[in-house]
Amino acid sequence: MGEISDTLRNPLSMFDVKGKTAVVTGASGAFGRGVSIALGALGANVVMASGTREDLDEAVADVKDVGGNAIPVYRRPDTLEDAEAMLKAALDEFGGADLLAIGSGYNKAGFIHELDYETWQAVMDANVRGNWFMAKALGTYWIENEVKGKMVMMSSVRGRHGNISGYTGYCTSKGATDSLTRVLATEWSKYGITVNAIAPTVFRSKLTAWMYDEEDELGQATRARSLSRIPLGRLAEVEDLMGMALYLLSPASDFCTGQVMYVDGGFTAG
Ligand SMILES: NC(=O)c1ccc[n+]([C@@H]2O[C@H](COP(=O)([O-])OP(=O)(O)OC[C@H]3O[C@@H](n4cnc5c(N)ncnc54)[C@H](OP(=O)(O)O)[C@@H]3O)[C@@H](O)[C@H]2O)c1
């Protein structure tokens, strides 16, 4: 019999994030709030950023409700200055920043022959430019301070698949997110920093609540169309993403980088 390592004896230790500090954007939203609560419940400190003060305050209160440490930053990652302000809040309040989860994002559908450039650009800015600013701010800090940071971005199955619903902005932005994931992962591999993305199909959030509404006819039709493509036969809840999020933000994923992880009920398998 070989020697049994401490990790194998206590495998849950691989998921230990206690005492780590996470910066979460879009923290008033479904994914951002969910990952903040889960991290807070596991003993991580959380800097929660988003633009809507009231919603963010409620999400911060939720983290505190599970015994977590959290502070709000009322900003979206619209500029490098915004991203640096989030980092500064983490350093001032908690003395470091180890983890970055990007939950900010936006979609506005429209067919290209009717869509104006500004709408396309707004989707690209929310889903790509903000990620780049966050990566630049946190990545610079990680490299200069020899922190083996972990970054998780939110992609979508739409980074790989087109959509008939007028998604030139959204699909392009998520394809760019996948590419940013791979290039940052390779660029930062020599520092031991990992970068991955989570790609869901549909999970319940403000953006998608109408698809879960039994009374809404368009919601019913859209849900039926989605379900016909999802082998596991249901739409997701934010909890369905948390196992993957915690894996990617904890030491369990130290040898996993540059990956787009499909948590999609089998959508991309079929
Ligand atoms: N829900 C799904 O089915 C689904 C599926 C695949 C991928 N995703 C992706 O998952 C991520 C999180 O989505 P979610 O469903 O949790 O959405 P959500 O509940 O609407 O949350 C999105 C967050 O982004 C912020 N936000 C909104 N517009 C923004 C903009 N223009 N620039 C920067 N931030 C903005 C919002 O906060 P403030 O308004 O307070 O700033 C909000 O906290 C997004 O990248 C989304 O594309 C979602």
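Me: Into which domains is the protein chain divided?
Reply: This is a predicted model, in which local features need pLDDT of at least 70 and side-chain atom pairs count only at pLDDT 80 or more, while totals for chains, interfaces and linings use all residues. Residues are numbered from 1 along each chain as its sequence is written. With bounds that come from an automatic or database domain assignment, the protein chain is divided into domain 1 (17-200 + 237-261) and domain 2 (208-235).

Me: How far apart do the C-alpha centres of domain 1 and domain 2 lie?
Reply: The value refers to the C-alpha centres of the two domains. Between domain 1 and domain 2 it comes to 26 Å.

Me: Are α5 and α6 roughly parallel or roughly antiparallel?
Reply: Helices here are DSSP runs (H or I, at least four residues; strands are E, at least two), numbered from the N terminus. Helix α5 (residues 117-144) packs against helix α6 (residues 168-187) at an angle of about 15°, with the axes 8 Å apart, where axes are lines fitted to C-alpha atoms, for helices over the stretch in contact, and angles run from 0 to 180 degrees between N-to-C directions. Angles under 35 degrees count as roughly parallel, over 145 as roughly antiparallel, 65 to 115 as roughly perpendicular and the rest as oblique. The angle therefore makes α5 and α6 roughly parallel.

Me: How many nonpolar, polar and charged residues does the contact of α5 with α6 have?
Reply: Residues are in contact if their C-beta atoms, placed from the backbone, lie within 7 Å, and those of α5 include W120 and W132, while those of α6 include Y170 and L180. Ala, Val, Leu, Ile, Met, Phe, Trp, Tyr, Cys and Pro count as nonpolar, Asp, Glu, Lys and Arg as charged, and the others, Gly among them, as polar. By class, the contact of α5 with α6 has ten nonpolar, eight polar and one charged residues.

Me: Which residues of α9 does α2 meet?
Reply: The axes of α2 and helix α9 (residues 239-249) come within 10 Å and cross at roughly 60°, which means that α2 is oblique to α9. The residues of this contact divide into seven nonpolar, one polar and no charged. From α2, F31, G34, V35 and A38 meet, in α9, L241, M242, A245 and L246.

Me: Which residues come nearest to the ligand?
Reply: A residue counts as near if its C-beta atom, placed from the backbone, lies within 6 Å. The shell divides into nine nonpolar, 15 polar and three charged residues. Of the 27 residues around the ligand, those that come nearest are G26, G29, G51, G105 and S205.

Technical notes:
Two residues are in contact if their C-beta atoms, placed from the backbone, lie within 7 Å.
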